[in-house]
Amino acid sequence: MRLINAMQKPDLPGILLFQPACVRSLPNTVEVSDALSANGSGVGDGSNSIKTGLGEYFERRHFYREVLPRRRGCLGEFLTEPEVCRFAEAFIQTASRKFSIGEIEEYNFALTEVVRASDFTKCFIPTACISLSSYGADEDSVLYPLRDTCGCSFHWHSDVAFLGAIKEYFERQMLIRFWLTKKCRSRVSLAHVSEMLVGRSVQYLCSALAASGEISFFDISDARFPGVCILVVYGQKQTQRHVKYCAGMSYSSDLPVALEKALLELWQTFRFMDLFKATDSEEAMLEDSYIRYFLSCNTYKTYQEITDVLECGGVASQHPFTLPGFLSILKQLDILGYFYSRFEKVNGVGCVFVKFVSPDVFLHMNNSKNFNLKNKYSRGFKSSILRSRLEKMVPFP
C-alpha cells in the first residue's frame, strides 16, 4: 500500500510505502521517501515499522539538508587550546592531503553551535563533523571528506534523543574495535538466543534465517561501557541465493532487546539486498557509498572472515545505561564530546535532532581511509589492532 502526501505538506515525507510480510510471522517493512531523495525504512511488527521508518527518514532529511553553518572562523576562537589540539590531531589523519597542526589551527572553518558533553557550555565546532552533506561547508571536505550517520538521533522526546545519539555513537565504536582486533566478549549460541527470544516477535525470523543458511551472534561489548552490544551475521554458501552475507547490530542495556533489534536490522538490510538483486538493479545507481560497499561484500567468504574471532570474556561496566552514566565514563576516560541539537516541529508536534561528535574516538566508520586511527578510545586496544584489517573497511551497511 502506498500513501502519498497529496497536500504537499513540507513537514511530511512524500511517500509511505507499506510492505506487509507475505508470511505473517515475519516483520513488516515500511519505506519512507520524498522527491529530494531523503529516504528511511523501518521493520517490525504492527506500528513499530512505521515509527522506525519515519524516524529514520526525519533523521536523514535533517542531517543531509538542514544542518547549516552559522559562521566561519578558526577553532581557537571558540575552543580551548586542548580542544583545538584534539581536533587538529584528528583532522591530520582524516585529511585528503597533508596538513600541519599549525595549518589546521589557522584554517577558517564553517562552524555550527554545539554544547560540550562535559558541562553543556556552548561552543562551535566544524559543521563538516555534523552535516552529512557538504552543503555550506564544501571547502572543509579537504580536512574531513568522509561522513556518515554515526551518532545521529531523532526522537519526539529530548532525553531519548540525547541518549540515543551517544549510545549509537559508541555502538559503532565497538563495531570498529571488533573488526580491527577480531576480539569479542563472547559468541552467543543459537540455543541461548532462541531461549532469550521466546515470546518476542523475531523468534520465527531467527529460526527461518538459521534454517535458510548460517547465523552467528557475537557480544562485541566494550567492558569500559555498560550494557551489551550484539552483532549478528548471516552467511549463505549457495551461490544462486541473492544474499550470501548480511549483518545487523544493536546496543542496549538488555540482552534480549539487543538480540531482537540486531535481528530486525539484519532483516531490513537482507530484504533490501534480496529485492535489489532480484530486480537486477545497478549498484552504481545507489547514492550511499556505504551501501554500495556493503553489496560488494556480499559473499560467503565475508561471513567466514567476520566470524573468525577471538573470545576474550569480560564484564560490563557498572555505570548505569543512562545519559549521565555515559557522560561519567567519558570524563573517566578523558574523552571530549559535543552535542549538536536542534528542536523543531513536525506537523505541529515538537521533536529534537541530536548528533554526538568526539575527536577522541573514531570520527567515522570507514577504517580503510581518511581515518583517525590514533585517538584516546583506541589507546586501550592499540596493541591488538591488525594491520590487515585496516586495509579493508568493516563490512557493515
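A charge sits over a ring if NZ of Lys or CZ of Arg is within 6 Å of the ring centre and within 35 degrees of the ring normal. The model used in these exercises is predicted.

**Exercise 1.** Find which charged residue sits over the ring of W179, and at what distance.

*Solution.* Start at W179. The charged end of R389 sits over this ring, 3.9 Å from the centre. Now look at F124. Here R71 lies over the ring face, 5.2 Å from the ring centre.

**Exercise 2.** Classify the ring pair Y245 and F294 as stacked, edge-to-face or tilted.

*Solution.* Step one: the whole structure holds 35 aromatic pairs. Step two: take the rings of Y245 and F294, whose centres are 5.6 Å apart and whose planes meet at 50 degrees. Step three: apply the cut-offs. Planes under 30 degrees apart count as stacked, and those over 60 as edge-to-face. The pair is therefore tilted. Step four: place the residues. Y245 belongs to strand β13 (residues 245-252), F294 to helix α8 (residues 289-296).

**Exercise 3.** Describe how helix α7 packs on α8, and list the contact residues.

*Solution.* Helix α7 spans residues 255-278. Its axis lies 12 Å from that of α8, at an angle of about 75 degrees. Angles of 65 to 115 degrees count as roughly perpendicular, so α7 is roughly perpendicular to α8. From α7, the contact uses T269, F272, M273 and F276. From α8, I291, F294 and L295 take part.

Note on methods
Residues are numbered from 1 along each chain as its sequence is written. This is a predicted model: local features need pLDDT of at least 70, side-chain atom pairs count only at pLDDT 80 or more; totals for chains, interfaces and linings use all residues. Side-chain values use heavy atoms; hydrogens and water are left out. Rings of Phe, Tyr and Trp (its six-membered ring) pair if their centres lie within 6.5 Å; planes under 30 degrees apart count as stacked, over 60 as edge-to-face and the rest as tilted. Helices (H or I, at least four residues) and strands (E, at least two) are DSSP runs, numbered from the N terminus. Axes are lines fitted to C-alpha atoms, for helices over the stretch in contact, and angles run from 0 to 180 degrees between N-to-C directions. Angles under 35 degrees count as roughly parallel, over 145 as roughly antiparallel, 65 to 115 as roughly perpendicular and the rest as oblique. Contact means heavy atoms within 4.5 Å.
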